Amino acid sequence: MSSEEVVSRIPAFIREAVDEDLKNGRFKYVRTRLPPEPNGYLHIGHVKAFLIDYFTAKEFGGELYLRFDDTNPSKEETEFVNAIEDDAKWLGIEWAKVTFASDYFDLLYEWAVRLVKMGLAYVDDQTQEEMSAGRGTLPKGTKWSETESAIRPGVDSPYRNRPVEESLDLLERMKNGEFPEGSRVLRAKIDMAHSNILLRDPVMYRIMHVHHHRTGDKWHIYPMYDWSHGQNDSMEGVTHSLCSNEYIIHRPLYEWFLEKLEAFPSRQIEFSRLNLTYAMMSKRKLRKLVEMGMVRGWDDPRLTTLRGLRRRGVTPEAIVNFVTGIGETNNDSWVEMAQFDAVIRDDLNKRAIRRMAVLNPIKLVIDNYPEGESEELDAINNPEDPNAGARKVKFSKTIYIEQDDFRETPPPKYYRLYPGNEVRLRYAYFVKCTHVVKNDKGEVVEVHATYDPTTRGGDSADGRKVKSTIHWVSAEHAISAEVRMYDQLFNVERPDDGELESIINPKSLEILENAFVEPALADVKVGENVQFERVGYFCADPDSTPEKPVFNLTVNLKDTWAKLEKKK
């Protein structure tokens, strides 16, 4: 990727801020970080932050750290650490170092002790409910601002002026596991009347008797995000902590801790969050979906986790192009799923090989084609890629076509196959329907036609035209395949706001077990992208076997979201 392309993928105001910091000497280098919590798999919402941090470091000749925020061991697993690393690499992100918040637990504790000794932190014995009531709450529906007057002043904890020596003793005993969970916390002593509720003596440590995936049972207290995050940035010499807008309210606390500790002054800069319609961004709810068995796992192609998108056949290039191409706004905004699909479609149009596949087959018998014979026809692999070349496709007397490509009684403006009508078979011949065969229930089970041998390749020597071209596969040579047709998982635009049981689309997955595909797909590789002509883009699933390949629908050839919105 050229330097111009890198620059274009960074929001202008971030690029200008970093450039100014280097010019005025605030920082002499650039270092950014990715701070994911290893309590789930990455989803499309995380990608924007990851890419902004990565491209900012790249543009200014700096470095990127991947730092796992493993401060809540009750929800964190090594599985998620490995998955996050793998997904970030798949996106093309490179980092100089992998670290963990737990690497700094000892130093973080030392810094907490310093604040206690400075009279800026104390151990509080109140219950969580008592602390919440004392801090005050925002009226329902109110958004915080620096001048917010709707928040009532907080009430000092009765332990706020506890002697320093007593707090130090209790904190040490908390660390050693002498007290039950929920009995005590360490709080910073800031301002219980501050308009920003997060500065009303925030909790720094809580007691948790939980085994940690890296530190084992050494610790019985674990830092809160607001205590560990900024200090870890400072400890690592991170110059620019780039995060989404929901952390604006956290920035004064971030800066207060660093100022009081006289630590390296990392700078926090916020950008708008990526919100995508019909996509779930809550890791908590995503995890619930998986644990309840409402999806097949974190890699279910109906999810917008990176694992799900990957299994669905979306390329990392398409994801990067989408996320960096939607632009930056001052406020969080919603991006239509149709925009994402359009980017995926454009990306796959250039790279996906073309193949023919019949998903809902019905037999078409060409009565005047020689019995027992077959031939090879030339077919283009990708009209968008001259280097993709061509392939041979087998043609024979009996072929499969889509059930939707035949109507015994055609509706108005139906130009495909019906009795008496002539159509073009892709890459093959003109055929004219003559009659049908029905079963005992009166259902059409076989369509019969004749072909014009002079139209080989799909053109008529006498210049006659047909209004429709349909795809097909030779019944003798076709390979049986399973095709999984995916629709949106949620039936509401903003699934994070709904109850899971009521927002799931019951028709989000249709499994077609009796599809037929070209012989050329016999050796398809897992993850390979292919366009099924006239249908959509598909990807070979890991469940594929040599006997029966499995394909996932990546995206339809046409925009179905517009139709969905029109219906609504």
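## Strand pairing and the sheet

Strand 14 (residues 361-366) and strand 17 (residues 398-402) pair in the antiparallel sense over five bridges, where pairing requires that DSSP finds at least two bridges between two strands, and I362 stands opposite I401 in strand 17. Strands (E, at least two residues) and helices (H or I, at least four) are DSSP runs numbered from the N terminus.

Both strands belong to an open sheet of seven strands with mixed pairing, in the order 21-18-19-20-14-17-22. Because strand 21 (469-470) and strand 22 (473-474) stand at the edges with a single partner strand each, one side of each is left without a neighbour in the sheet.

## Basis of the model

The model is predicted, with local features needing pLDDT of at least 70 and side-chain atom pairs counting only at pLDDT 80 or more, while totals for chains, interfaces and linings use all residues. Residues are numbered from 1 along each chain as its sequence is written, and side-chain values use heavy atoms, with hydrogens and water left out.

## Cavities

There are two cavities of 30 Å³ or more, a cavity being a set of points on a 1 Å grid over the protein atoms alone where a 1.4 Å probe fits but cannot get out, with lining residues having an atom within 4 Å of a point. The largest has a volume of about 40 Å³, and its lining consists of M356, V393, K394, W472, V473, S474, E518 and P519; strand 16 (390-396) and strand 22 each give two or more residues to this lining.

The second largest cavity, with about 40 Å³ of space, is lined by D226, H229, H250, L253, Y254 and Q268, and the elements giving two or more residues to its lining are helix 8 (225-235) and helix 9 (251-261).

Terms used. 1 Å grid on protein atoms, 1.4 Å probe; cavity = no way out; pocket = protein on both sides within 12 Å on 5 of 7 lines; lining within 4 Å. Points joined across faces, edges and corners; volume = space filled by probe spheres on them.
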